[in-house]
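Please have a look at it first, and then I will go through a few of its parts in turn.

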Amino acid sequence: MLTTDEMEKLIPAENAKFRSPIPTQSVSSDEFYPAAQTPRQREFEARIKQIGSALAKKQGVSRRKFFQGAAGMAAAYLAMNETYGPLYMVSSAEAQTPEMANARANALKGQFIMDMHTHFLRDDTRLEGFVRSREAVGRAGWNPTLVNKPQTLDDLKFANYFKEIYLDSDTKVALISGSGSEEPRDWFLTNEMKAQTRSNVNQQAGSQRMFSHAIFMPGMPGWLEKAEQDHETLRPDSFKGYTIGDNTNKRLARHPWHLDDEKLLYPFYEKLVKWSKTKPSLANVCVHKGLFPPSTTKQFPNLLQYADVRDVGKAAKDFPDLNFIIYHSGFRFTGGAHMTGWEQFEQTGRIDWVTDLAEIPQKYGVNNVYGDLGQIFAQSTLAEPRLCAAMMGQLVKGLGADHIVWGSDAVWTGAPQWQIEGLRRLEIPQQMQEKYGFAPLGAPDGAVKNAIFGGNSARLYAFTPQQRAALDGDPVALARAEYDLHGEGRTNLRYGYMQRA
């Protein structure tokens, strides 16, 4: 959790004056301090404003309206190429011709996408940093509509979450995750809340639109009994843990743990193996790793050994019937440290701790380690797209395209459509492919990207072709169709924190 002093230096991201289809600077949750806007990001913002204004005028719409559409999204990635180099498959014609952009968007909107890394906040959340930040913005005059107006956290709660995930993006199925804490009031959502949300959504949809995690916290008093109880009463689709213990309040993290702790963790894994015989998805051990830049290491040096992936290989080898899904793929360099990551790659060909993760299958002779793209894809796209391409290349080369799973960590960075478009359009530069032996990522709906977007998670969570077919024509699909015709459109808002420009 960010401190009060840190919060005073930030503003809510949704109060940014410019609503770009792609964020123009770092946006964080409370997991790391957002970086200041870089010179390259300022250049990108200037380019997208210029391109957007010119094309909006030519098409007879406002710039904001233009950026809500497919042509506006194409224009944003055109500006990314002009700023960072040719990394994204996009043409000037697509940005200039709404009919062409819409035709492409319509052809891809049926793509099967399972976003297995999403969040929203509970109604009684104690994470009032969000509220204090909004009120500070009003007092400072940044947003006149907030002056003397009590603030809430509604934009991070369920109604807005549903709109951003299911209506404003091509996501078909989502998993609602969370974060535990030593302080019970600081859980994003309790395990009971996640299970109830899943039940409500699926009941109203008449299909399986949502999965849910149960958070497990090894070392806490009665933690194993709590996991057993959650399994019996909540029927989670998988369990998720944070090896540093309390990620929300790192200063309270009194119970960090290692995945390969035979005494503490192996009895739990044995239960998961047993439970997965009747519910296969319980073989998925989801684990937060990374998001631990040098600045965080300086604050919490005692937690560093738990944040990296040194403990993954042995656990995966000892339990071949389980799948170890490493959230954030162990990517370390958030909070303004992305250039450190890029420089490390240029100098050594390695990226903490993504490279270490990608090497585990060969080093340990295992085939049950997976990399999740939550935050890793969004933050590297915003800060240094070449780093994003390098990490994708390493993960595909080391883990295999069939062992990478899509996650957006939304709704902190807004509706995930810009991230979806980012992966659809991204290609690893030819020179990088040749130097490091990376395979191309291929077409937006080619084998590699289809596997990452949904095929791999469908296999891991036993989501059948019949269940996929049931999504067509269900109430959510009908609502999306109606929204596309008459809805207000994507807001291009983000809901985390950002530094003042």
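Before I start, a word on one term: I call a residue buried when its relative accessible area is under 20%. Please also keep in mind that this is a predicted model.

With that in hand, let us turn to helix α17, residues 376-383, where eight of the eight residues are buried, so that this helix is largely enclosed by the rest of the structure. Going along α17, the buried residues are Ile376, Phe377, Ala378, Gln379, Ser380, Thr381, Leu382 and Ala383.

Next, the nonpolar cores. The largest one has 106 residues, and those with the most contacts inside it are Phe268, Tyr269 and Phe324. Helix α4, residues 70-84, gives the most to this core, with 11 residues. If we leave aside residues up to four places away in sequence, Phe268 touches Phe216, Trp223, Leu224, Ala227, Phe239 and Trp275. There is also a second, separate core of 16 residues, which includes Phe112, Leu175, Cys286 and Tyr370.

Finally, a pair of helices. How do α9, residues 191-205, and α10, residues 223-234, lie relative to each other? Their axes come within 11 Å and cross at roughly 20 degrees, and the two helices are therefore roughly parallel to each other. The crossing of α9 past α10 is right-handed. On the α9 side the contact is made by Asn191, Glu192, Ala195 and Arg198, and on the α10 side by Lys226, Asp230 and Leu234; these residues divide into two nonpolar, one polar and four charged.

Key: Residues numbered from 1 in each chain as written. Predicted model: local features only at pLDDT ≥ 70, side-chain atom pairs only at ≥ 80, totals over all residues. Heavy atoms only, no water. Axes fitted to C-alpha atoms, helices over the stretch in contact; angles between N-to-C directions. Helix = DSSP H or I, 4+ residues; strand = E, 2+ residues; numbered from the N terminus. Parallel < 35°, antiparallel > 145°, perpendicular 65-115°, else oblique. Left-handed = near helix turned anticlockwise from the far one by under 90°. Contact = heavy atoms within 4.5 Å. Nonpolar A, V, L, I, M, F, W, Y, C, P; charged D, E, K, R; others polar. Core = buried A, V, L, I, M, F, W, Y, C linked by side-chain atoms within 4.5 Å. Buried < 20%, exposed > 50% of the residue type's maximum accessible area, 1.4 Å probe, protein only.
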